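Hi everyone, thanks for coming.

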Amino acid sequence: MLDPAAKFLYSCLERHLNDNAFQWFSETVDQVKETAEKIFVARFSAVPRYLGKADLDVSDAEKQTAAQIHPNWNLQHWSVDQAGRAVLILAWAAHHPDSYVSTVAKLFSAADVGELVALYQVLPLLPQPDVPKGESASHHFLNQALDGIRTNMTAVFHAIALNNSYPAQHFSEDAWNQLVLKALFVGSPLHPIVGLDRRANPKLSRMLSDYAHERWAAGRSINPELWRVAAPFLEVDRIGDLAKLLASTDEQEQKAGALACASCPLPDAKDLLAQVPHLQQQIQRGELSWDFLSAS
């Protein structure tokens with residue numbers, strides 16, 4: 001009684017694990033329906049001891065399959081123990097639909113770093129429980145997700161902030177803005193944040209511009225991806241930000257400035273872009289994009 005996501009992960013693990021490890025895992029999954037919660041929690045914690053912590057190492061075809069099962073599901077950085085824990089949680093949710101929310105909450109409350117990473121990774125895959133009319137099911141895990149963006153543990157923060165569709169689906173604007181700023185503070189890339197462009201907003205744009213000014217005043221570098229989020233809502237009094245980028249001696253900043261000008265609706269931004277015709281032409285030909293800049 002596994003859902004498509006759990007079945008897919010189960011098949012990936014069957015390919016990766018040795019016979020002894022997979023036997024323990026398959027038996028554990030089969031017993032989930034009749035397992036007491038206390039025993040389930042113990043087995044959830046024991047997964048790395050039996051499965052190890054090797055990379056899941058999915059193929060390109062498997063990556064495509066994962067994305068078809070759940071949009072924006074990216075397994076690139078998953079390990080076998082994380083996949084195993086995800087299967088167990090999904091199996092528990094399938095067999096115990098009336099109580100799985102409380103079980104997941106208990107797992108969060110006692111989790112170590114590795115367990116937290118697995119729990120945050122599986123959040124978007126969890127079924128939506130029945131809730132009273134007018135109440136959002138997302139509230140069942142929202143507090144845990146918000147705790148994840150406040151943590152000082154980078155691995156845990158990345159598990160909820162990067163390659164995870166839960167924040168884009170359920171966070172308020174203020175919480176979303178906090179996530180993006182936190183990513184900049186800890187030096188994380190922005191492009192793996194699911195919904196980065198869709199959830200951009202005027203308030204965040206102003207906050208990012210203020211952040212850039214603080215970094216410039218302190219003589220510190222700025223992640224060029226910041227302007228991907230700030231530029232579409234940049235206010236006219238901040239057009240100087242784009243001029244500063246284009247005047248930079250750093251090639252990445254110049255390219256970010258050109259891309260920001262291209263996505264900024266202000267007429268002055270288009271005039272600035274025309275002053276760097278080589279970059280303008282690269283953008284028009286599709287040779288320069290935010291994705292290209294992120295990968296370089």
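Let's begin at Asn-163, which sits in the loop between helix 9 and helix 10 (166-170). By helix I mean a DSSP run of H or I with at least four residues, while a strand is a run of E with at least two, and both are numbered from the N terminus. Asn-163 counts as partly exposed, because its relative accessibility is 25%. The cut-offs are under 20% relative accessible area for buried, over 50% for exposed, and partly exposed in between, with a 1.4 Å probe and protein chains only. The phi of Asn-163 is near 55°, a positive value in a residue other than glycine. Most residues other than glycine have a negative phi.

Before we go on, a word on the model. It is a predicted one, where local features need pLDDT of at least 70 and side-chain atom pairs count only at pLDDT 80 or more, though totals for chains, interfaces and linings use all residues. Residues are numbered from 1 along each chain as its sequence is written, and side-chain values use heavy atoms, leaving out hydrogens and water.

Now the whole chain. How many helices and strands does it have? The tally is 18 helices and zero strands. The C-alpha trace spans about 70 × 40 × 35 Å along its principal axes, and buried residues make up 51% of the 296 residues.

Next, please find the loop between helix 4 (60-69) and helix 5, where His-70 has its place. Is His-70 buried or exposed? His-70 counts as buried, since its relative accessibility is 15%. Its side chain and that of Ser-165 are joined by a polar contact of 3.2 Å. A polar contact here is a pair of N or O atoms within 3.5 Å; within protein, one must be able to donate a hydrogen and the other to accept it, and residues adjacent in sequence count only if both atoms are side-chain atoms. Asn-72 lies in that loop between helix 4 and helix 5 too, and its phi is near 70°, again positive in a residue other than glycine. At 47% relative accessibility, Asn-72 is partly exposed.

Moving along, Thr-151 is in the loop between helix 8 (139-150) and helix 9 (154-161). Thr-151 is buried, with a relative accessible area of 12%, and a polar atom of its side chain lies 3.0 Å from the backbone nitrogen of Met-153. Asn-152, found in the loop between helix 8 and helix 9, is exposed at 73% relative accessibility.

Helix 5 (residues 80-95) and helix 6 (residues 100-110) meet at an angle of about 150°, with axes 9 Å apart. They are therefore roughly antiparallel to each other, a label for angles over 145 degrees, with under 35 being roughly parallel, 65 to 115 roughly perpendicular and the rest oblique. On the helix 5 side, Ile-89, Trp-92 and Ala-93 meet Tyr-100, Thr-103, Val-104 and Leu-107 of helix 6, contact meaning heavy atoms within 4.5 Å.

Finally, the core. The largest nonpolar core has 104 residues, and Leu-9, Phe-25, Leu-56, Phe-171 and Leu-242 have the most contacts inside it. Such a core is a set of buried Ala, Val, Leu, Ile, Met, Phe, Trp, Tyr and Cys residues joined through side-chain atoms within 4.5 Å. Which helix gives the most to this core? That is helix 5, with 10 residues.

Conventions: Axes fitted to C-alpha atoms, helices over the stretch in contact; angles between N-to-C directions.
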